[in-house]
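Hi there,

Here is the structure I promised to pass along. Have a look at it first, and then read on for what turned up.

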Amino acid sequence: MGILYALVGRGSVVLAEYSGTTTNASAIARQILEKIPGNNDTHVSYSQDRYIFHVKRTDGLTVLCMADDTAGRRLPFAFLEDIHQKFVRTYGRAVHSAQPYGMNEEFSRVLNQQMEYYSSDPNADRINRLKGEMSQVRNVMIENIDKVLDRGDRLELLVDKTANMQGNTFRFRKQARRFRSTVWWRNVKLTIALILILLVIVYVVLAFVCHGPALPSCF
């Protein structure tokens, strides 16, 4: 399933978010924004059921995502780092004074694209491995969400598994189309190679017939 939900916020103010499935992760993410302890930069993960909320806060800007627990830590935090850089590079100082959802119309599309990339493209993890696992991620302990939210106030996470299956089906179809395209090009190259070989054989035969010892010439 990969990354299912992402948010960018300043303090408790949500500036942009995107959800790849029907879920109440947005409400839980707001609770986390309000309850994250301290004001220092932080990397932290909170688990709830089979899902984990990964949080990166740098210079007052918080980037959060919810991922399936099988996604591990390296990939979600690579996603958060990527989103943080893109957001700051795009909006600069405006992030400190923006209104709630001030960047949502434009940046939600970026969240969608990067969620799809980090969830389905094998190159995402391969590139991150080449860069080396971020040192701060190595020390991130995955704590239960009750550590930051009071049990009585905590919402139960609801995720539409049907939508997840549809998302997986979409990615499978995309990969299948890519595979068929690869096979088609391979067949085209093989056909061209066979034609070239056949032309060479025909040329050699004609050359032998025309210039062989039994015949004077074809011309």
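Strands here are DSSP runs of E with at least two residues, numbered from the N terminus, and helices are runs of H or I with at least four. Please keep in mind that this is a predicted model.

With that naming, D59 sits in the loop that links β4 (51-58) to β5 (61-68). Most residues other than glycine have a negative phi. D59 is also exposed, at a relative accessible area of 61%.

Y101 is another case, with a positive phi of about 60° although it is not a glycine. You will find Y101 in the loop between α2 (74-91) and α3. Y101 is partly exposed, with a relative accessible area of 33%.

Next comes helix α3 itself, which covers residues 104-120. From first C-alpha to last, its 17 residues reach 23 Å, close to the 24 Å expected at 1.5 Å a residue. Which residues of α3 are buried? They are F107, S108, L111, Q114, M115, Y118 and S120. In an α-helix, residues three or four places apart point the same way, because there are 3.6 residues a turn.

Finally, there is a nonpolar patch on the surface, formed by L190, L194, I197, I201, V205, F208 and V209. Together they have about 690 Å² of accessible area. V209 belongs to helix α6 (residues 161-211), and V209 is partly exposed, with a relative accessible area of 41%.

Notes:
Residues are numbered from 1 along each chain as its sequence is written. This is a predicted model: local features need pLDDT of at least 70, side-chain atom pairs count only at pLDDT 80 or more; totals for chains, interfaces and linings use all residues. Side-chain values use heavy atoms; hydrogens and water are left out. Patches are made of residues with over 30% relative accessible area and no salt bridge: like charges are joined within 9 Å, nonpolar side chains (Val, Leu, Ile, Met, Phe, Trp, Tyr) within 5 Å. Accessible areas come from the Shrake-Rupley method with a 1.4 Å probe; for residues, only the protein chains shown count as cover. A salt bridge is a side-chain nitrogen of Lys or Arg within 4 Å of a carboxyl oxygen of Asp or Glu. Buried means under 20% relative accessible area, exposed over 50%, partly exposed in between (1.4 Å probe, protein chains only). The expected span of a helix is 1.5 Å times one less than its number of residues.
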